[in-house]
Amino acid sequence: MGKKKKKTSTEEELSTDELGITEKKKTTKKKTIKKSSSKKTTKKKKTTKKTTKKSTSKKTKKKTTKKKLEKTDFIQSSCNVGLVGHVDHGKTTLVKALSGTWTEKYSDEINRGITIKLGYAEAAIMQCPNCNLVIAESVANNLRKSKKDQKGMCPKCGTKLNFKRRISFVDAPGHEILMATMLSGASLMDGALLLIAANEICPQPQTREHLAALGIAKIENIIIIQNKVDSVSKEKAIEHYNQIKEFVKGTIAENAPIIPTSAIFNSNIDLISQKIEEIIISPELDYDSEFLFNIARSFDVNRPGSEIDSIHGGVIGGSIITGKISVGEEIEIRPGFRSKDGKYSSIVTTVQTIYEGKNSLNSAKPGGLIAIGTKLDPSLTRTDQLIGNVAGKPSTLPEVQYTVEIEAHLLKEVLGAEEKIAVTPIIKNELIMIVVGTSLSAGMVQNIGKKNTITLKLKRPICALDGSIVAISRRIKNRFRLIGYGYLVS
Ligand SMILES: Nc1nc2c(ncn2[C@@H]2O[C@H](COP(=O)(O)OP(=O)(O)O)[C@@H](O)[C@H]2O)c(=O)[nH]1
Ligand SMILES: [Mg+2]
């Protein structure tokens, strides 16, 4: 048991590193070390002390200016680009090639070599003022001829690149048992890269299922990445390209560009960043509606044995759907916590910090994934306990629903399984799993009404706006498989 607990806290640390929360603590730690080492040296080297002090203070000054600049100049990501597709087709490797970040950080993920949680990374998209080349910053830096060459330069003409926009990547798990996580990730995406590995026949089951999920979430800005072309002959790559063309015919991705790539050898990554800029346009942001935040992750960012004074409150991670939020404002989280009688009660707390990656913000708007530090007891946010909740300004959120009505539309066949299985109509007393936003729940069908409207009594209530898109899955041979979608009706 003890061992297990320890593992959890390491995982928590890792995940918060990913969102940049531990950054502050690390600096504090460094400072303390510095302090004590300087104390030690005072007595011994009095003469050299002055010069050392001077240079250190200069260094610190430089660092502070840089930090300040980062804080005020930082521009939040304006959209979330999803990476979807069958397991092992190279999604996580491609995120690394595009952003420089390896999103798998949990010990379970590292040991098993698969993505389990939604991964997160961000990239600055740059443009050359001379030749107009558009490229992700880390891709441009990777294309330098020598590591000694200056960073931030155009790989084509050598001119200093200008900042264009920042984008976030949402790395979805491709394993069939993690479909619910993929679906909640899809609710945050503004566009997607669909990865299809050239060394396997197209389509694989989750290639089909993930493309259907994009269709359900109405994500139309899609780029198809034909990955691992390094591992097949030219003839095989052309044959595979034709399989892709055939597979996407009549789907939402019919006209999506197909880019042959080798994520592992960094080939054509520059072309992908250009296509992202062309096709995955940042959506128009809705600042005027009430603040609404979908919680996709939640953390306890404290290391074991932290001093009481240095304990940080619970952190929630996710995307702002509408409106704005600033440090110091109150928020309400719904459905909140389950009490003994089975009812849920919402939680009200105050925003203490806002981070995007390692950058601290005073306020945030819709766009990429952010982390909100609150005054909550961190044990309440530990190990993703608040996934699927929503946050808003107090008393502005929709009512919590224990029973929902869904206008359901079923697919013709189950897409996520190897074999072909027809989707039969939903029946009374059937167990159905739903994903609404980042929220996952299941319930028994109580009634089937007109227009295929099903009434579900949920095991865990949800808080969502009327008309929200619902992904519907049913258990088929011990796995929940996507069978359709619908809309919440009141
Ligand atoms: N040959 C080759 N292998 C790749 C390429 N991209 C990824 N891989 C390998 O494929 C495996 C799965 O990659 P990963 O990014 O974890 O796939 P994911 O499950 O889709 O996230 C890893 O061993 C990668 O090193 C590629 O372009 N070419
Ligand atoms: Mg992965």
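The chain contains 10 helices and 24 strands, where helices (H or I, at least four residues) and strands (E, at least two) are DSSP runs numbered from the N terminus. The model is predicted: local features need pLDDT of at least 70, side-chain atom pairs count only at pLDDT 80 or more, and totals for chains, interfaces and linings use all residues. Residues are numbered from 1 along each chain as its sequence is written, while chains are lettered from A and ligands numbered from 1 in the order in which they are written.

**The chain as a whole**

- Of the 490 residues of the chain, 43% count as buried; a residue is buried if 20 or more other C-beta atoms lie within 10 Å of its own, exposed if 12 or fewer, and partly exposed in between, with C-beta atoms placed from the backbone.
- Among contacts between residues at least 6 apart in sequence, 73% join residues at least 24 apart; two residues are in contact if their C-beta atoms, placed from the backbone, lie within 7 Å.

**The open sheet**

- Seven strands form an open sheet in the order E3-E2-E4-E1-E5-E6-E7, with mixed pairing; two strands pair if DSSP finds at least two bridges between them.
- Strand E3 (134–136) and strand E7 (258–260) are the edge strands, each pairing on one side only.
- On average, neighbouring strands of this sheet are turned by 30° against each other, direction ignored; axes are lines fitted to C-alpha atoms, for helices over the stretch in contact, and angles run from 0 to 180 degrees between N-to-C directions.
- Three bridges pair strand E6 (residues 222–227) with E7 in the parallel sense, and Ile224 stands opposite Ile258 in E7.
- Helix H8 (residues 205–216) lies across strand E1 (79–85), E5 and E6, and runs at about 150° to E1.

**The closed barrel**

- Six strands form a closed barrel that runs E17-E22-E21-E20-E23-E24, with antiparallel pairing.
- Neighbouring strands of this sheet are turned by 45° against each other on average, direction ignored.
- H8 also packs on this sheet, where H8 touches E23 and E24 and its direction makes about 5° with that of E24.
- Strand E17 (residues 401–410) and strand E22 (residues 453–462) run antiparallel and are joined by six bridges; the bridge partner of Thr403 in E22 is Lys457.
- E17 also pairs with strand E24 (residues 479–489) in the antiparallel sense over six bridges, and Glu405 stands opposite Val489 in E24.
- Helix H7 (residues 179–186) is mostly covered, with seven of its eight residues buried; among them are Met182, Leu183 and Ala186.

**The nonpolar core**

- In soluble globular proteins, nonpolar side chains tend to be buried together.
- The largest nonpolar core has 114 residues, of which Leu98, Leu194, Ala213 and Ala471 touch the most other members; such a core is a set of buried Ala, Val, Leu, Ile, Met, Phe, Trp, Tyr and Cys residues joined through C-beta atoms within 7 Å.
- Strand E5 (residues 191–197) gives the most to this core, with six residues.
- Leaving aside its neighbours within four places in sequence, Ala213 is in contact with Met182, Leu183, Ala186, Ala471 and Leu482.

**The surroundings of ligand 1**

- Ligand 1 is surrounded by 18 residues, the closest being Gly90, Lys91, Thr92, Thr93 and Ile264; a residue is near a molecule if its C-beta atom, placed from the backbone, lies within 6 Å of it.
- Helix H4 (residues 91–99) supplies the largest share of this shell, three residues.
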